[in-house]
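Dear colleague,

I am handing over the structure that we spoke about, and I would ask you to keep it open while you read the notes that follow.

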Amino acid sequence: MTDKTASLKTTSGDFTYPLLNGSVGPDVVDIRKFYGDTGMFTYDPGFTSTASCQSAITYIDGDQGILLHRGFPIDQLAEKSNFMEVAYLLLHGDLPKQKELDEFSYTITRHTMVHEQLATFYRGFRRDAHPMAIMCGVVGALSAFYHDSTDITDPQQRLIASHRLIAKMPTLAAMAFKYSVGQPFLYPQNGLSYTGNFLRLTFGVPAEPYEINPIVEKAMERIFILHADHEQNASTSTVRLAGSSGANPFACIAAGIACLWGPAHGGANEAALNMLREIGTVKRIPEYIARAKDKNDPFRLMGFGHRVYKNYDPRAKVMQATAQAVLKELNISDPVLDVAQELEQIALHDEYFIEKKLYPNVDFYSGVILNAIGFPTEMFTVLFAIARTVGWVAQWNEMISDPEQKIGRPRQLYVGATQRDYVPVKER
Ligand code: SDX
């Protein structure tokens with residue numbers, strides 16, 4: 001709370017509202033009494049100027065291109081940490097001591113298997129089903145198997161459900177990939193790292209041992225860290241809204257997966273690589289830049305622009321460096337990376353993109369790395385969902401524990417028909 005206020009003059013009187021300040025970032029105007037005072041609603045489609053909650057998990061300064069997780073800069077975490085440590089940090093608020101990290105990793109590892117009957121869910125899908133469609137289905141179905149961790153009023157059950165979701169997402173995701181290529185499902189191996197286990201579940205086969213490439217494992221760790229959480233983005237807000245009704249955590253995460261799938265959000269990594277492939281060569285870039293600028297053309301540069309970042313997305317910087325390193329270390333030359341880097345250079349010097357402050361976001365380079373590792377484009381958003389489950393679960397837990405939270409129920413500006421009487425069909 002501050003002693004500062006915001007005043008509003010309206011035809012029905014003058015009103016004053018308190019300003020609340022956080023530890024860093026913009027103050028907020030506390031308008032919870034606004035409708036009761038004024039009989040009016042505020043109007044903010046897309047919530048461009050609305051803070052939906054208090055949170056201590058992630059801070060973004062879009063103008064400076066700053067991203068902090070519990071105060072730690074994303075580039076330091078990507079460089080020095082690992083995904084289990086970042087998961088602990090997001091969930092519990094501080095970097096773990098070695099013993100805490102070991103216990104957390106041990107717990108997550110022992111929740112990576114899924115109920116054997118879940119495998120039958122996959123057989124109900126067509127082999128060419130999009131893996132995000134499968135993930136929406138099977139993650140929601142988890143609530144039919146883990147009744148002992150769906151009571152959201154019990155902190156212990158919330159913690160077990162959180163561990164189960166973080167642990168089982170890679171297993172379910174790998175099963176979706178295996179099903180699409182007609183290969184048998186593998187079982188997790190507890191001696192592997194979280195990321196190593198996922199790589200083996202995805203690319204391993206029962207016929208021979210799978211050797212984890214340390215370059216690939218480190219790149220995947222970094223990609224998971226870069227995607228772990230991102231303040232109140234669309235899918236996190238979906239998870240919070242679903243959770244605000246008391247829905248069980250498995251259903252809430254399934255809702256987040258559904259929202260993430262959209263091409264304006266997590267689906268952009270798949271769309272960005274498809275776009276770069278369609279452009280194909282550097283000489284075709286001007287044609288697509290022109291289309292992106294054409295108001296009459298719905299085409300947008302996928303992987304470019306962001307609601308919050310009006311500067312370079314700090315994750316994109318790390319992702320580009322990782323893409324260059326991984327392709328070099330794996331001795332892969334992918335013309336798509338050349339197209340991406342040239343497209344970025346041209347766009348960043350173009351008046352339209354400069355004026356609208358459009359920069360590459362987290363999705364612009366990730367597909368180059370994922371493609372080099374061997375994932376099909378349809379799996380890209382699934383990988384985003386694996387990582388973001390950590391953020392969704394942390395934000396869900398924070399919401400449930402927040403005494404100020406209540407069921408989310410926005411209002412509207414009604415522009416439909418005013419009251420009128422029913423007309424029998426013969427008189428219409
Ligand atoms: C993610 O919220 C998060 O934090 C999300 C995320 C996370 O980690 O959770 O960071 C992950 O979703 C990243 C964003 C991935 N999406 C894309 O890359 C899709 C392409 N980008 C756009 O669709 C767009 O930039 C959004 C959706 C990301 C942001 O859209 P906004 O904030 O609603 O901005 P807008 O659509 O109002 O655009 C502002 C202007 C518009 O022009 P005008 O109408 O003002 O003339 O910029 C233009 C847009 O036409 N514009 C683009 C553009 N993005 C915006 N023009 C061309 N290409 C683009 N990519």
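V415 is exposed, with a relative accessible area of 74%, where exposed means over 50%, buried means under 20% and partly exposed means in between, using a 1.4 Å probe and protein chains only. Please keep in mind that this is a predicted model, in which local features need pLDDT of at least 70 and side-chain atom pairs count only at pLDDT 80 or more, while totals for chains, interfaces and linings use all residues. Residues are numbered from 1 along each chain as its sequence is written, and side-chain values use heavy atoms, with hydrogens and water left out.

V415 lies in the segment after helix 18 (380-401); helices here are DSSP runs of H or I with at least four residues, and strands are runs of E with at least two, numbered from the N terminus. Together with Y43 and L413, V415 forms a nonpolar patch on the surface, with about 400 Å² of accessible area in total. The areas come from the Shrake-Rupley method with a 1.4 Å probe, and for residues only the protein chains shown count as cover.

F47, in the loop between helix 1 (34-38) and strand 4 (58-61), has a positive phi of about 55 degrees although it is not a glycine, and F47 counts as exposed at 55% relative accessibility. R70, in the loop between strand 5 (66-69) and strand 6 (72-73), has a positive phi near 50 degrees and is likewise not a glycine, but R70 counts as partly exposed, at 21% relative accessibility.

K293 is found in helix 13 (residues 285-293) and is partly exposed, at 32% relative accessibility. Although K293 and Y352 are 59 residues apart along the chain, their C-alpha atoms are separated by 6.9 Å.

Best wishes

How values were computed
Patches are made of residues with over 30% relative accessible area and no salt bridge: like charges are joined within 9 Å, nonpolar side chains (Val, Leu, Ile, Met, Phe, Trp, Tyr) within 5 Å. A salt bridge is a side-chain nitrogen of Lys or Arg within 4 Å of a carboxyl oxygen of Asp or Glu.
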